[in-house]
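Biologist: I would like to go through the labels on this model one by one. Please set each value against its cut-off.

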Amino acid sequence: MVYLPQTYDTEKERLYFTSFHELMTKRVAEILLVSSPYDAFIMQEDGRLSERIIHEYRGLNLTRPPRLTWVSNASEAMAELENRNYDVVIVMPHISDMDAYELCSAIKDKFKDIAVYYFAYDVKTLLENEKWLRENKKRLMENKKCCDRSIIDRIFIWGGNTDLLMALVKSREDFMNVDHDTTLADVRVIIFVEDSPLYISSILPYIYKEIVMQTQAVMDDSLNENDRILRMRARPKILVAENYEDALQLYEKYRKYLLCVISDVRYPREGQDDSEAGISFLSYIRQEIPDIPLLMLSSEIANKEKAKEIPAFFLDKRSPSLHADIRYFFVHYLGFGDFIFRLNDGTVVARASNLRSMSIILHSVPSESIAYHANRNDFSRWLMARFEMQLASKIRPLKLSDFPTTRHLKEQIRMLIRNKLKIRQKGLVSDFIKEEFDPESDFVKIGRGSLGGKARGLAFISNLFREKSEFQAKFLNVEITLPKTVVITTEGFDDFESLNNTKLFLNTKLLLNNDIALSDREIIEHFKKAEFPEWLSNDLKAYLKHVKYPLAVRSSAILEDAHYRPSAGAYKTYMLPNNHPELKVRLQQLIQAIKLVYASIYQEMPRTLARNSVFRPEEDKMAVIIQQLSGTVNGDYFYPAISGVAQSWNFYPVSYMKPEEGVAHIALGLGKIVVDGGVALRFSPKYPEFLPQFSSVDNILKNAQRYFYALKLTHNQDIKGQKELEDCELTKLDVDDAIDHIAVKKLVSSYIPEDNRIRDFFTQDGYPVLTFASILKFKSFPLGEILSELLEIGKNGMGCPVEVEFAVNLHDNKKAEFSLLQIRPMMVARHNIDVDITQDDIDNAFCYSDKAMGSSQITEIYHIIYVKPDSFDTAKTVEIAEEIGKLNGLFDLQNSRNNRLKGGFKQGQQAKYLLIGPGRWGTSDRWLGIPVKWSNITHVGTIIETVSDKLNADPSQGSHFFHNITSLGINYLGVPAKDKNFIDWSWLDGLKAEADTKFLRYIRLSDSAILKINGRASSAVVLK
């Protein structure tokens, strides 16, 4: 046989794991107990029997315990069975109005599908009842016409142990589901052959309890609680037979799913008691399946030698340590417990407790041990005990003779396990366990609180990626991933808040617009000195021992990225090199970053935004995302080749573009430049080569990105203790100074001044110009296609337009990488009314825009604040923002005065103003527009973005400011200097000013102007 490395079918694996949801679909929900009041009292003892069943289920972490109903006689039982659907009936010996066996017969005759179990108190009573049954069997058969079936499904001896009830229910459920579950998910089967009701009642409950407990013990601790419950559904089925023929039938039917066989020796064969039926049965199985674990149970010690001849593991039924001996068999023969690597002489050389530890130590295990276990199929058996049936089925056929050397076999097994671990983690949110943390895990959470809004979005898209495996399959030359993520849930924030009483910050007068509130800087300084939960610090220390790549520490507040709740950019994000040689320093930096993310929830911007939404600040809590920073090392710096934001709705389509085709903004380096409204390249993912802002050489030189952000990796080796987080701030680099970096070389073109032309590749005789031509024009990387597919997947998954943040890494010798960093819902206005804008409207307007964003509406405007065109100076944009903030403060006072009543405040109409000015509003680049903060414009209702001879910036839809504008429902009109767009400055200048500052005029109209927006056509006018 030729050695061929095996790989995993990701889609098949996903479908297989999904099948766990469909296991154990048939359940025992209703049990009817028929007994005398005295028997019922005895069974209840000092507590209700049903409560004890529930307690038993909870103790084993099982779900959906059945309901138990009691009746005292046969007539009540038959009436109850007529009125409700029961799955199981338990009949006790003493029934007042009918013999118990006769009642069983009556039930079976009328309700054929109900399982009927008889509970005897002792063997003597059972023998007496069986004698009566033999004497009356002929009459029962004739009267009840039940000659082709038994009147009792199984007889048990009741000794007061509620474990028997749990075993009874699980045994019935296994019988109901075995055909479906084995076919669907290769669920394993254990055959238990025993004819004695006494031993069935004693051993079966213990087998079930041991199987459940061992199954829970071997579950990989990296899985989350939900997946543990799902995997419990795949535990082995236990099928009981009471004679040779039934046992053989079970074996023939479920042979391919068999995990082991447990058999008595003496039981009926061909209707007669056979003292060696079990020996014949086990010998037959051993001949057919040489490596199957076999357990012989017998009260006759002489059978021990016969067990050795088979060979089978032997246990004495009368042994006082029988239960402990059965546990030993499960652990050492069925693969439960650690995998113990041995040599041929039995010497132990290594031990693996789970898949991850197995994959780690395999390479160091001696070849002799690998061969020993491979020949015995120990690997596949151990994997089956952990529900890894598909992996086991791939490893079981591997023979040493199929490989050039044992080392090749070992590497094949290791590769299959590693692939399995990667696939299994995709789309799962695993619990963080210090001792079991796998740095290869994609998504892990610390604590039991909420993930927060941003992390919920990541978890959702991670799961969506798992379900949409065809998305990755379309782009085989690209590694499409989510960065490895650890989320500190809100449990960490709750403990931090309790330790430091930080809720006091919510009681400051800031919420009531009082100026005496603490500043952001004061809040930050307080949080730097705050105490940090010890348990969380210990978990983070364990995490950092495994992780040494750069990290992004991001906010994930509960209300962040919620529908209709603006918060993009409201909270802090910190980038950490995470490369200091001392773990203590790296831990201090990480804890400080987390503290400052916690602090950001109390700062000005989030609470300002909250006042414009229906949510209250005290409703919010903070989770924290610790994410692998996407990028590559370039000299002393770390950054991705491309960062960007893409939206599934384009508010400003041009030419043949359509709004629903979406829009993207990209830049070299870290994404700060994009989300802060800096210089970024805008394009439609469907038409990436169509770039209006690059329509000529002059436009390219004017609009091309000139600088980018990167994380500096160098650190001060002398720092032993406190290291300020500010040392990890991002560095702004000039594109010209980074031309030797691989990422820059792949993205720049060359400007040749002598020819006044631009070549689409870099040459030493030209000047570097960042055009992304290799990506957008020559499609060396399918960015447009990936974004189009991703936006469609996100939109369908969230049920609304979405906005995603992403990064791209380009390499010379390996696959390029596309990393999805964030996804959030996008607010696109619904148009519930039709608004027509006529030519008369345009003729009577002081402003017209064919780039309007907002719902269709007709709105009155009484207040206008605009930047005086003649006074505007790009060097003074910060001062202009401050002036806007002061005028905005007038509306704080006015709205407070208008809405104040004797009893306090009423929810009334708030005065809003129209804000007009050049460039990008809210940008962090003062040369591209006016860098207003949210606190400067809390009462704005509509914004008009104009151009001037001093500033003509392309509108940025990818910024956090723009996202929050849409979420708040603020109208946004773009008035470029082309087509029919206009603004009548002379009319505005002719109006009387309520306030006139160095850069601004505030107009208060006695007769309102009228804003009309046709949302479907993206056009708007403001009528004089």
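Biologist: What makes the crossing of helix 22 and helix 24 right-handed or left-handed?

Modeller: The crossing of helix 22 and helix 24 is right-handed. The rule: left-handed if the near helix is turned anticlockwise from the far one by less than a right angle, right-handed if clockwise. Helices here are DSSP runs of H or I with at least four residues, strands are E runs with at least two, and both are numbered from the N terminus. This is a predicted model, where local features need pLDDT of at least 70 and side-chain atom pairs count only at pLDDT 80 or more, while totals for chains, interfaces and linings use all residues. Residues are numbered from 1 along each chain as its sequence is written, and side-chain values use heavy atoms, with hydrogens and water left out.

Biologist: Why are helix 22 and helix 24 called oblique?

Modeller: Their axes cross at roughly 140° and come within 9 Å. Axes are lines fitted to C-alpha atoms, for helices over the stretch in contact, with angles from 0 to 180 degrees between N-to-C directions. Under 35 degrees is roughly parallel, over 145 roughly antiparallel, 65 to 115 roughly perpendicular, and the rest oblique. Helix 22 and helix 24 are therefore oblique to each other.

Biologist: Which residues of helix 22 and helix 24 meet?

Modeller: Ile-523, Ile-524, Phe-527 and Lys-528 of helix 22 meet Gln-592, Lys-595, Leu-596, Tyr-598 and Ala-599 of helix 24. Contact means heavy atoms within 4.5 Å.

Biologist: How do you know that Glu-242 forms a salt bridge with Arg-154?

Modeller: The closest N and O atoms are 2.8 Å apart. A salt bridge needs a side-chain nitrogen of Lys or Arg within 4 Å of a carboxyl oxygen of Asp or Glu. So Glu-242 and Arg-154 qualify at 2.8 Å. The rule gives 49 salt bridges.

Biologist: What makes Lys-686 and Glu-661 a salt bridge?

Modeller: Their closest N and O atoms are 3.7 Å apart. That pair links distant parts of the chain, 25 residues apart. Glu-661 counts as buried at 14% relative accessibility.

Biologist: Which residues are linked in a network of salt bridges?

Modeller: Asp-291, Arg-376, Asp-378, Arg-381 and Arg-396.

Notes. Buried means under 20% relative accessible area, exposed over 50%, partly exposed in between (1.4 Å probe, protein chains only).
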